[in-house]
Amino acid sequence: MRAKLALPLALMALVATGSQALAHSVQTDYLLSNQLQLQTRFSNGQPLKGAKVSVYAPNNPTQPWMQGVTDANGRFAFEPDRTLVGDWEVTIMQQGHGDILTVPVDAEGIDATLISQQDQDTHYATGPAPWISAAVGIVLLLGAKLRQRVG
């Protein structure tokens with residue numbers, strides 16, 4: 001009886017491997033007035049509130065030029081220094097969700113037609129690692145075969 005149960009359990013363990021799941025994606029919309037106004041939301045429309053925002057100037061891409069957080073509506077605004085010409089980078093992150101925007105600035109200001117963004121949501125595995133499931137399945141199969149021979 002136990003051997004009959006062990007085989008289906010082993011097969012289930014082999015099939016029950018981890019799978020990739022995508023965290024909620026986010027989208028950042030922007031409006032250019034005297035400042036660049038950003039609004040970041042999850043794909044379901046909920047604002048990404050309280051997200052950490054870091055703005056990097058082209059002359060120092062490793063040290064934030066400005067930092068802040070999005071408000072309750074997922075909004076953040078800033079005005080880059082026009083004397084620092086080049087690509088500015090804006091990162092908006094909260095618990096693995098976020099966006100990175102590249103904001104080109106020249107002597108005239110921001111060129112909104114050339115702003116690009118890169119979704120930064122993380123992927124994570126659900127369930128056990130595939131090798132663990134495979135190992136458990138093999139052990140259960142070997143145990144079932146051994147019991148059949150002994151019993």
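Predicted model: local features only at pLDDT ≥ 70, side-chain atom pairs only at ≥ 80, totals over all residues.
Asp99 is buried, yet no salt bridge goes with it. The nearest side chain of opposite charge belongs to Arg41, and that one is 11 Å away. What the Asp99 side chain does have is a polar contact with the side chain of Thr28, at 2.6 Å.

Next comes the open sheet. Three strands make it up, in the order β2-β3-β6, and their pairing is antiparallel. At the edges lie β2 (26-32) and β6 (75-78), each of which pairs on one side only. From one strand to the next, the twist averages 20 degrees. Strand β3 spans residues 36-42 and teams up with β6 over 4 bridges, again in the antiparallel sense. Within this part of the sheet, Gln39 stands opposite Arg75 of β6.

Gly109 counts as buried because its relative accessibility is 4%, with the cut-off for buried set at under 20%. Which residues does Gly109 touch, once its neighbours within four places in sequence are left aside? The contacts are with Arg82 and Pro104. Asp81 is 28 residues away from Gly109 along the chain, but the C-alpha atoms of these two residues are separated by 8.4 Å.

Terms used. Residues numbered from 1 in each chain as written. Heavy atoms only, no water. Buried < 20%, exposed > 50% of the residue type's maximum accessible area, 1.4 Å probe, protein only. Contact = heavy atoms within 4.5 Å. Lys, Arg positive; Asp, Glu negative; His and termini not counted. Salt bridge = Lys/Arg side-chain N within 4 Å of Asp/Glu carboxyl O. Polar contact = N/O pair within 3.5 Å; in protein donor to acceptor, adjacent residues only side chain to side chain. Pairing = 2+ DSSP bridges. Helix = DSSP H or I, 4+ residues; strand = E, 2+ residues; numbered from the N terminus. Axes fitted to C-alpha atoms, helices over the stretch in contact; angles between N-to-C directions.
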